[in-house]
Amino acid sequence: MAETQPISTTLFALVDAYALACATREAARECAAWAFEDAHHAMLAARAAVAEALGIPAAALAPLNDATTRLADSLRGRAPQVSHLTCPASSSQGGACGVARRIGDAAVSGAPSARKRPAAWGSVRRRESGRYEAFYRFDGRTIRAPHRFDSDAEAHAWLAAERAAHVTGTWIDPAQVRVTVESTTGVLTAASTFEALCEALIAEEEAFAESRPATLHEQARLIRRVIIPTLGAVPLGAIRPSLLDAAYQSWHAQRPPQARNALVALRKVVRLGKRRDLFTFDLSDSIRVHRRKEREIVTLEPLHLDELRRSIEGWRERPDRMGPKPSPLLLDVTNVMLSTSARIGEALGLRVQDIDFGRERTVVTIAGTLVEGHGQPKHWQPATKTEAGLRSVIVPAWIIPTLERLALGASMDGTDFLFHTRTGLPVGAHAVHRQLRAVREWAGFAAELVPHVLRKTVATTIADHADGGLDAAALTLGHARSRVTEAHYARRRTLAPDMRAALDLLGPEGTE
């Protein structure tokens, strides 16, 4: 399979040209035969250019029904007003004026005109660099394409789009378009860029502050590093569902997990455009979303946990090690995660004041998490991943000595964090992952053994316990709904409960 090419501004212009050419062709079907043929050739040229840019056969490119229907309806609704057009050929039968006038006459009278090929509209020149320049005359001045094209078909596709825009009355004078992000912070129009709308969403999200700071930071990062480089230069009036779908498909071909998160941000941008009357579509049924591959829920049995603990101790005590003895960080984090159901960031963010050592029971309150990565400095966030993540867990007795040792060490070092560096700052998750990778390599464990497996082990154990269940597991893990726990955390058992006493009632008479 050929590698998907990056979506470029040129490709967006080609797809838009194809949509306009399709619309002109559909409108010309009800007019003169020569007009339909002329529009048909323009549509084929634009179609070939789009297919060439995408690297697919032209036959595989379907018509753009949304743009075609909308523009064709606007053509059928009224006769084109073309008195303002100035053509290189001033005859009444040639040039753009002659073409538009004959289409308008045919649309009004319904009488077919004589079949006569009109003069060419616009010009295409091949420059010394091998690229193609397209331009045409309008209102006494020359309108040139914003850039040069790699092929003659692309240049003619741009001319076809310009011609259709003039005929339909949707043409925007490039001399009147001066759009920057700074100049569109207040009012956005069809001439504004998609980047301006993205920046407006970022500003709105930060103003309302309805999401966690880390979530807002990651959303802004995806918008500026994924969405804007792909779609930022496109005017809002040229945004089509097909363009957004093509952008998503290109993201998914490169990095599927990132594409899934970028699509969430893209939906928010489009919804903001609808609220500001810039779009009439939404993305609920406009993008073919790739289904997330379901992964098997990996958990550890008690025997496996004992083996993991022995392996961690054996790795720390190995006689062939180089340098000082590794710290007990991995073993302590493993036991804390198993006893509290905390995420790795929540476990590393535990503070002394989060632990209530009582006579009868010890309660650990998970009130925040450690945040790092993606351009953010390592810091403690006074909020969990979700609102449901704020919880207090009664921990088992076997973890209390470890918590007492960690709390005492933090107090002696003058810091609040149970897991801290020499400077008193919280330990980052990378340190835990580094030790776990070394243990996996030393003991021969599978690569699927990651810290999140411990959290899934807790969920499965509580869900299968007689005093537990899915609801209890969801509350312990900090999930708002138990269906999340069931779908992604608690491993489903295949052995059904022992119901022989009930099934005996269905046996034949005389059997016990």
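Student: In this predicted model, which residues are exposed on the other side of α16, away from its buried residues?

Tutor: Helix α16 spans residues 470–477, and its buried residues are Ala473, Ala474, Thr476 and Leu477. They cover an arc of only 165° around the axis, which puts them on the same side of α16. On the other side, the exposed residues are Asp471 and Leu475.

Student: Against which elements do the buried residues of α16 pack?

Tutor: The residues in question are Ala473, Ala474, Thr476 and Leu477. Their packing partners are α11 (329–340), β8 (391–394), α15 (451–464) and α17 (482–488).

Student: Are the rings of Tyr136 and Trp158 stacked, edge-to-face or tilted?

Tutor: A pair of aromatic rings is described by the distance of the centres and the angle of the planes. For Tyr136 and Trp158, the centres are 5.9 Å apart and the planes stand at 45°. Planes under 30 degrees apart would count as stacked and over 60 as edge-to-face, so this pair is tilted.

Student: Is Trp158 of this pair buried or exposed?

Tutor: Trp158 lies in helix α5, 22 residues from Tyr136 in strand β2. Buried means under 20% relative accessible area. Because its relative accessibility is 11%, Trp158 counts as buried.

Student: Over the ring of which residue does the charged end of Arg309 sit?

Tutor: The model has such an arrangement at Phe135, whose ring has the charged end of Arg144 over it, 5.1 Å from the ring centre. For Arg309, the distance from the ring centre is 5.6 Å, and the ring belongs to Trp398.

Key:
Residues numbered from 1 in each chain as written. Predicted model: local features only at pLDDT ≥ 70, side-chain atom pairs only at ≥ 80, totals over all residues. Heavy atoms only, no water. Buried < 20%, exposed > 50% of the residue type's maximum accessible area, 1.4 Å probe, protein only. Helix = DSSP H or I, 4+ residues; strand = E, 2+ residues; numbered from the N terminus. Arc of directions from axis to C-beta. Contact = heavy atoms within 4.5 Å. Phe/Tyr/Trp six-rings, centres within 6.5 Å; stacked < 30°, edge-to-face > 60°. Lys NZ or Arg CZ within 6 Å of the ring centre and 35° of its normal.
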